[in-house]
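Take a moment with the sequence and the 3D view before reading on. The text below walks through the structure one part at a time.

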There are 2 protein chains.
Amino acid sequence: MTTATPALDDFVCFAMYTASHATTQAYREVLKPWKLTYPQYLAMVVLAAGERTVGELGDQLNLDSGTLSPLLRRLEQRGLVGRRRDGADERVVRVALTEEGASVHAEVTAAAGCLVPAFVDSGRSLADLLAQLGAITENMRALAADLRAAA
Amino acid sequence: MTTATPALDDFVCFAMYTASHATTQAYREVLKPWKLTYPQYLAMVVLAAGERTVGELGDQLNLDSGTLSPLLRRLEQRGLVGRRRDGADERVVRVALTEEGASVHAEVTAAAGCLVPAFVDSGRSLADLLAQLGAITENMRALAADLRAAA
DNA sequence: CACAATTGAAGTGTGTGCAATGCTTTTGAT
DNA sequence: ATCAAAAGCATTGCACACACTTCAATTGTG
């Protein structure tokens, strides 16, 4: 029967939604002492690898400037990141962790270590999970692009 | 070295965040013709299985009334769901799909069938993925509860 | 050189998502 | 029977998230 497919679909999208949601909730608890939100922490993780422009940050996090600009302003007001116009191209804004931002990132990442077992504790390998999630990401992005093109 | 753990952690939480995000984007494209958001569709999927109180809906979606009340009001204004006070217990509000809501749900779910292969196309079994996501959900919820209790 | 098209970030409006509060109804203890 | 506690939903305030618009700076073309 073709009617079996929609039910499965619903189940998978729910499972994905729920797992991601539960993960965010756990991080929220870890981040509470630092009064950081999960998106703020993710931005700091990217910046910990080095300076980024707003656009590069958006590419890595799948966020646009409408989300990042206020988020970065809050981090800047707290002294965790610095923003400055590029000298060569006045359009681009370069964002980087401050010294305090770097030390906060180190503290939080250490504290978040307790969440790692929750990903691998399921009896499967971490590598397998990463491969599956990566494949889903790629497939969904390709599909979304197709759908946009068809519209 | 213990410093290897945080890097892995960052990778997994990113992979999860990104896969969930990409899935939402794909659904957004599918839902566009009906002007429905992904959370609105998920609520309709739950309601398609039968009438629910606001609290039951929140339990299944991990959302509280602060999110559901306005969401349901919008669906009600469009005539897709109906809300009514329970006769026996005046506190509870029962929500159900209208006839139009049911037919819209059927149309959308059929259209969303094209997204199913993106979950299984990765060479792994769907059952495995569901098991992993389920385990992660359970582990993360337990951890979040522990962290809340410790605070 | 001039100027149209493009790019990069910020601003705007709508819709989640959540913590905290308020209010009505119900339950439970005395 | 009465009153305090709890349950159920709505509202408020803040922070994402995204589509759309705006604006300045740059690039490409004649």
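What follows goes from the pair of chains to the core, then to the strands, the loops and the DNA.

This is a predicted model. Start with how the two protein chains relate.

Now look at where the chains touch. Chain B gives 51 residues to the contact, and chain A gives 51 residues. On the side of chain B that touches chain A, helix 1, helix 2, helix 5 (99-111), helix 6 (116-120) and helix 7 (126-150) of chain B each give two or more residues. Helix 1 of chain B has the largest share of that side, with 21 residues. By class, the residues of chain B on that side are 30 nonpolar, 14 polar and 7 charged. Of the interface residues of chain B, 100% are also interface residues in chain A, so the copies meet through the same surface.

Next comes the nonpolar core. The largest one holds 73 residues. Which of its members touch the most other members? They are A:Met16, A:Ala26, B:Met16 and B:Ala26. Take B:Ala26 as an example. Leaving aside residues up to four places away in sequence, B:Ala26 touches A:Met140, A:Leu143 and A:Ala144 in chain A. In chain B, B:Ala26 touches B:Leu115 and B:Ala118.

Helix 2 of chain B (residues 38-48) also has buried residues. They are B:Tyr41, B:Leu42, B:Ala43, B:Met44, B:Val45 and B:Leu47. Just after this helix, B:Gly50 takes a positive phi of about 140 degrees.

Turn to the strands of chain A. Strand 1 (residues 52-53) and strand 3 (residues 93-97) of chain A run antiparallel and are joined by 2 bridges. Within this pairing, A:Thr53 has A:Arg94 of strand 3 as its bridge partner. Strand 2 (residues 81-85) of chain A also runs antiparallel to strand 3 of chain A, and 5 bridges join them. Here A:Arg85 has A:Val93 as its bridge partner in strand 3.

Chain B has its own strand pairings. Over 2 bridges, strand 1 (residues 52-53) of chain B pairs with strand 3 (residues 93-97) of chain B in the antiparallel sense. Strand 2 (residues 81-85) of chain B is antiparallel to strand 3 of chain B, with 5 bridges between them. What is the bridge partner of B:Arg52 in strand 3 of chain B? It is B:Val95. B:Val95 is also the bridge partner of B:Arg83.

Two loop residues deserve a look. A:Lys35 sits in the loop between helix 1 (4-31) and helix 2 (38-48) of chain A. A:Lys35 is not a glycine, yet its phi is positive, at about 55 degrees. Is A:Lys35 buried or exposed? A:Lys35 has 8 C-beta neighbours inside 10 Å, so A:Lys35 counts as exposed. In chain B, B:Lys35 is in the loop between helix 1 (4-31) and helix 2. The phi of B:Lys35 is positive too, near 55 degrees. B:Lys35 is exposed because 8 other C-beta atoms lie within 10 Å.

Finish with the DNA. Around DNA strand C there are 25 residues, and the closest are A:Gly55, A:Ser65, A:Gly66, B:Thr37 and B:Gly66. Helix 1, helix 3 (54-61) and helix 4 of chain A give two or more residues each to this surface, as do helix 2 and helix 4 of chain B. Helix 4 of chain B gives the most, with 5 residues. The surface near DNA strand C has 7 nonpolar, 12 polar and 6 charged residues.

DNA strand D has 25 residues around it, and A:Pro39, A:Gly66, B:Thr53, B:Gly55 and B:Gly66 come nearest. At least two residues each come from helix 2 and helix 4 (65-77) of chain A, and from helix 1, helix 3 (54-61) and helix 4 (65-77) of chain B. Helix 4 of chain A has the largest share of the surface near DNA strand D, 5 residues. By class, that surface has 7 nonpolar, 11 polar and 7 charged residues.

Notes. Residues are numbered from 1 along each chain as its sequence is written. Chains are lettered from A and ligands numbered from 1 in the order in which they are written. This is a predicted model: local features need pLDDT of at least 70, side-chain atom pairs count only at pLDDT 80 or more; totals for chains, interfaces and linings use all residues. Two strands pair if DSSP finds at least two bridges between them. Helices (H or I, at least four residues) and strands (E, at least two) are DSSP runs, numbered from the N terminus. A residue is buried if 20 or more other C-beta atoms lie within 10 Å of its own, exposed if 12 or fewer, and partly exposed in between; C-beta atoms are placed from the backbone. A residue is near a molecule or strand if its C-beta atom, placed from the backbone, lies within 6 Å of it. Ala, Val, Leu, Ile, Met, Phe, Trp, Tyr, Cys and Pro count as nonpolar, Asp, Glu, Lys and Arg as charged, and the others, Gly among them, as polar. Two residues are in contact if their C-beta atoms, placed from the backbone, lie within 7 Å. A nonpolar core is a set of buried Ala, Val, Leu, Ile, Met, Phe, Trp, Tyr and Cys residues joined through C-beta atoms within 7 Å.
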